[in-house]
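Welcome! Open your viewer, keep the selection tool at hand, and follow along one stop at a time.

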Amino acid sequence: MPPLPDRNRKPSKAMQLVMYPLDWLEERSGLIGGVKYFLFRKVPGDVGWFHTLGSATLTAFIVQAVTGVVLAMYYKPDPATAYQSIQFITNDLTLGWLVRGMHRWGASVFIILLFFHAARVFLFGAYKYPRELNWIIGVILLILGMLEGFTGYLLPWDQTAYWATVVGINLNGTAPFVGEFLSQFLRTGAEINGETLTRFYALHMLLIPGGLIALITLHLYLVVRLGVTSPPWSDHAAGRERPEPEPEPNGRTGLVQPAPRGGYKR
Amino acid sequence: MANGEGGAGPGPTIWPIGFAVGIVCILVGLIVSTAAVAAGVLIAAVFGFLWARESTREYRGTAVPAAPEPEEAPEPSMLPAGPPRPANEGEAALPVMDDAEVERYPRSVFLEVSTLGLGALIGGLVTLPVLGFVVLPSFEDQEYDDVNLGPIDNFPEGKWIITTFFRDPAAGEVSHRVAYIRNNGNLSFTIISNRCAHLGCPVQPNGLVAENQRKSIRVLQDKQRAAVSLTPASPSGFGCPCHGGQYDTEGNRTAGPPVRALDRYEYSIVSRNLVLNKPYSVAHVTGTGADAKIKAYPLTGPGQHVDGVESWLYPIQPPGR
């Protein structure tokens, strides 16, 4: 047996240098402990790549946020200059083609990953008690993500953008009773005009991202609070032994808790 | 107060509020009018006097109408029995109060309600104008201005002319619109909007378009020069590139997803110029040209039925058109 490290040993000079600011911060805020609590959680032993889809979606969102902030430094949300500013970003600015491409294709990646993540949660039955609220928040996040796509699509202000938005807004307009009010609100008027562009810009970069960030925070809080589910084929329930014996499958085998032939292995 | 310590203070009075109103009146009056200053001085003096009288009553030996005293002695259970305990041992060190006991502190309830109420008031004062600013401009002043399309001599009888114009020249390209216009003779015009009745894409003429005979003219509109282009065409109908809706030359749907006929424009002829007035929606057209019988409705968004059972889904259109 190797000797245990002596806890009372004085740390090296270099270590002290690293730890001093961290200790200073921890003593005054508890932030280091909070970050540790967030990152070093217990998860079931048999989680796999499927469980990384959520953080992949988060990463895609962060890419969108960062590239979007940078694009906003050059984009001009004005009917007379929007198209030209996009052309300027793509063709003239150094690496503009790359950042715009990251934002443009990253948008699709974000939506695709949202769907994959939702499919994983659905097929693993991870939306069940006590995680229903997190599923509901996830659905709202999906809707907000698609709204980001809808509002962002107008911003290049070319023919595709314009007519896609015409069709999209008129689709909303066919909703019974309130549809035309909704579409007139989205257009800022009876027809698409300059304010439609600025309105979509504000929605795209301020209002909807704000909602997304707030709900992602809530989503993560619930993930930390409730823990990660094991896969349906797992034979340990949520990473620990059940206090009571497994319930009889009773002839019904579902997707989430399949009863292997010959009972549960323990 | 509850255990009688320090005697009963005076009950809550309204005099300070009146005094404050007087002060506000003076301050406002300094800007607005001298009469308000006088009124403010009067109010502040009267209420200040009453306030001072009220709060000095105790020292002047008059009976003090106190806040209602507890009628019974505090219940024994409320008082800590035996020697004092450390706060972290046993039951909660604070006395357990039942609901009736809490009732005796109306000031805390007052503070709670007034904090919430004031918060709601301030929140509302901030939110409501902002909300109005977000929503109302979308529903105000949405009237369609008249559009001058130039002399009617540019529209030969029996010929279709693809007419492009600016609904609002000041807004620029975003107000670019297209109408298909046919002179039926005898000052009758068929003017069909190119907005598809499905989801609003631009319908195209099915047939030859004489691009080489395009004529660009300048007209006076809203006190500025606006461009109008006139291109002869001989369509056998109209078709939408987005989802394949098809229409005949009167704008009736012949195939595809549209829910009604193409919209039309009212028009007038002012000093031999063709002028577009408000657009309107059409359920169906029977007959052609000058003899057409048009089932007209107020302008409705694309994809919405204007007649039949389905129109019950769209009972109210937004105001301001």
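Predicted model: local features only at pLDDT ≥ 70, side-chain atom pairs only at ≥ 80, totals over all residues.

## First stop: a hairpin in chain B

Select β3(B) and β4(B): the two form a hairpin with 2 residues between them, and in the turn B:N186 has a positive phi of about 60 degrees. Residues are numbered from 1 along each chain as its sequence is written, while chains are lettered from A and ligands numbered from 1 in the order in which they are written.

β3(B) pairs with strand β4 (residues 188–193) of chain B in the antiparallel sense over 6 bridges; two strands count as paired if DSSP finds at least two bridges between them. Click on B:R182, and look for its bridge partner in β4(B), B:T190.

## Zoom out to chain B

How many helices and strands are there in chain B? Chain B has 4 helices and 12 strands. Colour domain 1 (13–61) and domain 2 (147–313) of chain B separately; such bounds come from an automatic or database domain assignment. The centres of domain 1 and domain 2 of chain B, taken over C-alpha atoms, are separated by 70 Å.

Next, select B:A45, which lies in helix α2 (residues 34–55) of chain B. Is B:A45 buried or exposed? B:A45 counts as exposed because it has 12 C-beta neighbours inside 10 Å. The cut-offs, with C-beta atoms placed from the backbone, are 20 or more other C-beta atoms within 10 Å of a residue's own for buried, 12 or fewer for exposed, and partly exposed in between. Buried residues make up 23% of the 321 residues in chain B.

Chain B has a mean pLDDT of 85, with 82% of its residues at 70 or more. In chain B, confidence is lowest in helix α3 (residues 99–103), at a mean of 62, and highest in strand β8 (residues 246–247), at 96.

## Across to chain A

Select helix α4 (residues 82–91) of chain A and show its buried residues, A:A82, A:I86 and A:I89. Seen down the axis of α4(A), these fall within an arc of 60 degrees, so they line one face of the helix; the arc is that of the directions from the helix axis to the C-beta atoms. On the face of α4(A) turned away from its buried side, find the exposed residues A:Q84 and A:N91.

## Last stop: where the chains meet

Show the contact between the chains: 22 residues come from chain A and 22 residues from chain B. Two residues are in contact if their C-beta atoms, placed from the backbone, lie within 7 Å. On the side of chain A that touches chain B, α7(A) gives the most, with 6 residues. For the complex, the predictor gives an ipTM of 0.75 and a pTM of 0.74.

Methods. pLDDT = per-residue confidence, 0-100.
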